[in-house]
Amino acid sequence: RPHAYVIGTLRVPSSHNAYSDRHAGVLQCIQSSRFALQIKGPRKTRMSGSRTSMSSVNLSQVVPCLAYSCCSIMMMLLNKSLASRGGKIPLSCVMLVQNLATLILVHIFDSCLATEAKARWRMNLPPLRVQTCLAWLPVNLIFLVMLFSGFKTLQLVTVSLVSVCKNITNVFTTFGDRMLFGEPVSFEVLIALMLMIIAAYLGASDELRLDGGRFNMQAGFWMTVNCLATSAYGLQIKLSQKQTGLSPYGCTFYNALVATPLTFLWTIWNGDLLKFLGNVELLEPQYLFSLTMSSLIGFGIGFSVFWCISATSPTTYAMVGAANKIPLAVLGIMVFSEPVTANRVLFISIGLLAGIVYARAKSLLKKQGSKNHSRGPSKQEAIELKVDKLENGNVMMKDAGSHGE
């Protein structure tokens, strides 16, 4: 099938035979001009190529979200198992061990992996620079504020109320993502956010009835600080990634490098380090195994968080974090023998519906963006191409379409 060579708005059909004199004259005239040359192949080839690129783009976004979700669920189950056995390991000390383990694992992978594998998976260890450390300092400071405000909030209210407010935080993250990075927000995205808030309220409604009287001004203050810090954390990660241009693997390295001294000072300030080192239970194999698993999963969470935000957006990262509570509720019923209530069933059902609506909304936004990108130049741009001047003689191309046909 002959292809069509499009030069500006001038279409000249090609064939295996020589061009006619009229076509040759037109081509000679155009070769002396500033018209850009664009070759369009058969329609079938372009469609198959776009489908392949769309599928690869979707896969490159789904895999990071699944990795983050799996690591987050594994960490929550590990913490719940430790809590059910009465284990008390300070959170700040766990963070310190996780950051040290991350630095060790990063250097182990850098030493063991081949150069081709590093280049393929973008796992090259970035050079140490002070400017990059300063760019990642706000991420760690916001993270510490988020943890401290969350700890103060849990001293005043229950986990159920905190989980409901965390879902409200996703609305702030969505509009912050829109303002800072131009992430499109459709009506279906807002519906998914509202459904997730309703699901979280239904899941915590039984405990909220018993805990409603404990909410006061102090709890509201720390809750607000925690919600703002949680929203700012995801947005700041995206901003630091754009400033430094690091891969998710490089972000993991720099985040652990900057967080290690901060968490070390925090453990000394609150006295958790001495309690942790003097804990007799730390020598038991059960707690050593739990701490080792927590360090490995912490490395996976750190890498998958940066991978997820880099591949998608802070809004999708927040929605995946909210949707993690749905499989946790199912596992709680199956593994920990938690009671099956009507509100819990509604929470799981509405939460799944919210995830489906959000996935469909992001898919429609992506298709709309790809259509606008592949639509080509507008009519105004085509008219401007027609009036482009020729280099040899200031001749205006007025009726290019009739000459091409």
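**Exercise 1.** In this predicted model, find which side chain makes a polar contact with the side chain of serine 149.

*Solution.* Start at helix H5, residues 130-154, where serine 149 is found. Its side chain makes a polar contact with the side chain of asparagine 226, at 3.1 Å. Next, look at the surroundings: leaving aside neighbours within four places in sequence, serine 149 is in contact with Trp222, Val225 and Asn226.

**Exercise 2.** Work out which parts of the chain are tied together by the salt bridge between lysine 362 and glutamate 183.

*Solution.* First, the pair itself: the two side chains meet at 2.6 Å, N to O. Then place each partner. Lysine 362 lies in helix H14 (residues 342-374), while glutamate 183 sits in the loop between helix H6 (159-181) and helix H7 (187-211), so the bridge ties together parts 179 residues apart in sequence.

**Exercise 3.** Is arginine 360, the salt-bridge partner of glutamate 188, buried or partly exposed?

*Solution.* Begin with the bridge: the side chains of glutamate 188 and arginine 360 meet at 2.5 Å, N to O. Glutamate 188 lies in helix H7 and arginine 360 in helix H14, so this pair links parts 172 residues apart in sequence. Now read the accessibility: arginine 360 is partly exposed at 47%, and glutamate 188 is partly exposed at 24%.

Note on methods: Residues numbered from 1 in each chain as written. Predicted model: local features only at pLDDT ≥ 70, side-chain atom pairs only at ≥ 80, totals over all residues. Heavy atoms only, no water. Helix = DSSP H or I, 4+ residues; strand = E, 2+ residues; numbered from the N terminus. Polar contact = N/O pair within 3.5 Å; in protein donor to acceptor, adjacent residues only side chain to side chain. Contact = heavy atoms within 4.5 Å. Salt bridge = Lys/Arg side-chain N within 4 Å of Asp/Glu carboxyl O. Buried < 20%, exposed > 50% of the residue type's maximum accessible area, 1.4 Å probe, protein only.
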